[in-house]
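The sequence and structure come first.

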Amino acid sequence: MIKADTEIHFRDLQNLEVPDWILQPFKDYGGIMSVLGSDSWWKKTLYITGGALLAAAAYLLHELLAIRKEQELDSKDAIILHQFSRPKNGVPSLSPFCLKIETYLRMVDLPYQNYFDGRLSPQGKMPWIEYNHQQVSGSEFIVDFLEEKLGVNLNKNLTPQERAVSRAVTKMVEEHLYWTIAYCQWVDNLEETQKLLAMSGPLSDTLKWLLSHLNCSMVRREMYGHGIGRFSKEEVYSLMEKDLRTLATLLGDKKYFMGSKISTLDATVFGHLAQAMWTLPGTRPEQLIKGELINLAMFCERMRRRFWPEWFVEVEDMYYDGESESSSSSSPAGLLDLGLFSRTDTLEDSDGSSHSGGHSHTPTPDSDHSLFDSDVGTGSDNDIQLKEESMPDLEV
């Protein structure tokens, strides 16, 4: 019925008597009017255009909103971690806050289940967790919730002064350094970051372009509201360099930021530094971290090897030699999605204080000049076995 009505409508349009003064401007264009009035031309145009638009809209909705069969998540006594999909280069996440929380869960040795659904929390945050049907978003509130509910606490041995320093540095990293790294990642190096997005399908390139540019606009807008976005590019990078130098001075020659034992601050700093360390080749923050501020690179590598044994990177990517602007030619490392993860099942504690079978390494005089130090080996049996069993990149 709809098709018949449509055909009648077009016939009526063709049979209308149009005044000569309306047609006068078109008389010099030969058969254009007859073509435009053709029933078959209008049909084909409408069908093709409408079909293409509907197909594109459906695919966009499917990818952007993650339309899928509803799955009932049973979070009874289980931590469900909602976060963005893994990027293509083997880094666990392009979000420093997602990487912070997942690293924290490994540091406190709590099993968790990843859920890469792309769905934001009711507060519009990512990451967020579910536990016993309770939803918690915001990395600070997630840590507080886990400490209260499950009794874990990485900061229990810190003095009140150290706790105050830890909070102050956390706020510098999350409220200031975060924006400068985001600027480098999503504004100044947008095209390179766009390539890291894990998407597949006939419209994957279009979706990558769309999502990356939407994120770029959001970062610009929020940076402007924050105030830091009102400065020039050079001024933004100058602020970032000051923050990185502050972190390097605070770390010094210690294993972790608050001493020989890990704390929540280490998860926070690692989540942010890892973005510059492994997702921004040839950029100013990468050159600074892998060059002059090499102790920050050593810290990142120490954290990666201790809490991410399945995440491999090339040794030559651990330092900046100043010869090339980009290290994108290196092969991406495979990152396994272990799903339900427990650190004690796969990794020896490098301190040797919590688990049996740990072994210590004797420091060497050259350790200050190397990316690796006493608790990080360059070719352990565990590393070799894991590398042989590594799987291809996970794309969600």
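The notes below go by topic, with the basis of the values stated at the start.

This is a predicted model, in which local features need pLDDT of at least 70 and side-chain atom pairs count only at pLDDT 80 or more, while totals for chains, interfaces and linings use all residues. Residues are numbered from 1 along each chain as its sequence is written, and side-chain values use heavy atoms, with hydrogens and water left out.

**Salt bridges**

- The count comes to 15 salt bridges, a salt bridge being a side-chain nitrogen of Lys or Arg within 4 Å of a carboxyl oxygen of Asp or Glu.
- K171 and E140 form a salt bridge through their side chains, at 3.1 Å from N to O. This pair links distant parts of the chain, with K171 in helix α7 (residues 160–188) and E140 in helix α6 (residues 139–150), 31 residues apart.
- Helices (H or I, at least four residues) and strands (E, at least two) are DSSP runs, numbered from the N terminus.
- K171 is partly exposed at 25% relative accessibility, and E140 is partly exposed at 29%. Buried means under 20% relative accessible area, exposed over 50%, and partly exposed in between (1.4 Å probe, protein chains only).
- A salt bridge joins R284 and E234, with the closest N and O atoms 3.2 Å apart. R284 lies in helix α12 (residues 284–290) and E234 in helix α10 (residues 233–251), so the bridge ties together parts that are 50 residues apart in sequence.
- R284 counts as partly exposed at 36% relative accessibility, and E234 as partly exposed at 48%.
- The side chains of R304 and E301 form a salt bridge at 2.5 Å, N to O. R304 and E301 both lie in helix α13 (residues 294–307), three residues apart, about one turn of the helix, and both are buried.
- A network of salt bridges links R86, E102, R106 and E310.

**Cysteines**

- The count of disulfides is zero, where a disulfide is a pair of cysteine sulfur atoms within 2.5 Å.
- C98 is buried, at 0% relative accessibility, and C184 is buried with a relative accessible area of 0%.

**Sheet**

- Four strands form an open sheet in the order β2-β1-β3-β4, with mixed pairing; two strands pair if DSSP finds at least two bridges between them.
- β2 (112–115) and β4 (134–137) are the edge strands, each pairing on one side only.
- On average, neighbouring strands of this sheet are turned by 25 degrees against each other, direction ignored. Axes are lines fitted to C-alpha atoms, for helices over the stretch in contact, and angles run from 0 to 180 degrees between N-to-C directions.
- Strand β1 (residues 79–82) pairs with β2 in the parallel sense over four bridges. The bridge partner of H82 in β2 is Y115.
- Helix α6 lies across β1, β3 (128–131) and β4, and runs at about 135 degrees to β4.

**Surroundings of S137**

- S137 lies in strand β4 and is buried at 11% relative accessibility.
- The S137 side chain makes polar contacts with the side chains of S121 at 3.4 Å and Q123 at 2.8 Å. A polar contact is a pair of N or O atoms within 3.5 Å; within protein, one must be able to donate a hydrogen and the other to accept it, and residues adjacent in sequence count only if both atoms are side-chain atoms.
- Apart from its neighbours within four places in sequence, S137 is in contact (heavy atoms within 4.5 Å) with S121, Q123, K125, P127, W128 and I142.
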